[in-house]
Amino acid sequence: MWNPSKKTRTITSKILFVIFSLASVFHVFALLQIIPYQYLWGGRLQSIEEMYLMESISLIANVFFVYCSYLYLQYMNNGLVPIWIRILFGFISAVFFLNTIGNLVAVTNLETLLATPITAILSVISFTLVLKYENQTS
């Protein structure tokens with residue numbers, strides 16, 4: 001079975017940290033109505049109130065994902081990543097896989113063209129952190 005190296009996992013964790021941080025900023029912009037709600041959630045939002053609810057959930061989820069990426073790096077640097085954090089990344093990977101499917105059927109072309117590749121990549125690279133990692137000492 002493929003077992004990514006510490007360097008690969010470190011790079012992956014940092015990429016996820018940056019992308020999730022940028023996504024959090026995006027959701028803050030949405031909540032501040034800098035980004036019109038008609039372009040969010042596949043163009044299916046019907047009101048500002050609905051946008052506030054959905055974007056608040058998205059922001060909380062992204063901040064959680066940022067924290068998970070940070071924790072992964074901390075555990076990896078200590079030599080062993082516990083199973084619970086790997087399960088979390090399995091969950092994160094599944095969330096982004098389902099989000100990719102949702103983006104493919106979005107009403108807005110912007111979401112389909114822009115968000116689909118991003119969520120697909122997030123799903124794949126999140127999955128690389130699910131595999132067992134123990135610090136290899138030789």
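Tyr67 is found in helix α2, where helices (H or I, at least four residues) and strands (E, at least two) are DSSP runs numbered from the N terminus. The model is predicted, so local features need pLDDT of at least 70 and side-chain atom pairs count only at pLDDT 80 or more, while totals for chains, interfaces and linings use all residues. Residues are numbered from 1 along each chain as its sequence is written, and side-chain values use heavy atoms, with hydrogens and water left out.

## Overall layout

The chain has four helices and zero strands. Read from the N terminus, its elements run α-α-α-α. Its C-alpha atoms fill a box of roughly 60 × 25 × 20 Å along the principal axes. The chain has 138 residues, and 41% of them count as buried; that term means under 20% relative accessible area, with exposed over 50% and partly exposed in between (1.4 Å probe, protein chains only). Among contacts (heavy atoms within 4.5 Å) with a separation of 6 or more, residues 24 or more positions apart account for 68%.

## Helix packing

The axes of α1 and α4 come within 10 Å and cross at roughly 145°. Axes here are lines fitted to C-alpha atoms, for helices over the stretch in contact, and angles run from 0 to 180 degrees between N-to-C directions. This crossing of α1 and α4 is left-handed, meaning that the near helix is turned anticlockwise from the far one by less than a right angle. On the α1 side, Thr12, Ile15, Leu16, Ile19 and Phe20 meet Leu122, Ile125 and Ser126 of α4.

Helix α3 covers residues 83-104, and its axis comes within 11 Å of the α2 axis, crossing at roughly 140°. The crossing of α2 and α3 is also left-handed. From α2, the contact uses Phe64, Phe65, Cys68, Ser69, Leu71, Tyr72 and Tyr75; from α3, it uses Trp84, Ile85, Leu88, Phe89, Ile92 and Phe96.

## Nonpolar surface patch

Phe17, Val18, Leu22, Tyr67 and Tyr70 make a nonpolar surface patch of about 500 Å². Patch residues have over 30% relative accessible area and no salt bridge; nonpolar side chains are joined within 5 Å, like charges within 9 Å. A salt bridge is a side-chain nitrogen of Lys or Arg within 4 Å of a carboxyl oxygen of Asp or Glu. Both α1 (6-31) and α2 (48-77) supply at least two residues of the patch. Three residues, the largest share, come from α1.

## Selected residues

| Residue | Relative accessible area | Class |
|---|---|---|
| Tyr67 | 47% | partly exposed |
| Gln33 | 41% | partly exposed |
| Asn3 | 42% | partly exposed |
| Val124 | 54% | exposed |

Gln33 lies in the loop between α1 and α2. Although Gln33 is not a glycine, its phi is positive, about 65°. Most residues other than glycine have a negative phi.

Asn3 belongs to the segment before α1. The C-alpha atoms of Asn3 and Leu129 are separated by 9.6 Å, although these residues are 126 residues apart along the chain.

Val124 lies in helix α4 (residues 109-127).

Conventions:
Accessible areas come from the Shrake-Rupley method with a 1.4 Å probe; for residues, only the protein chains shown count as cover.
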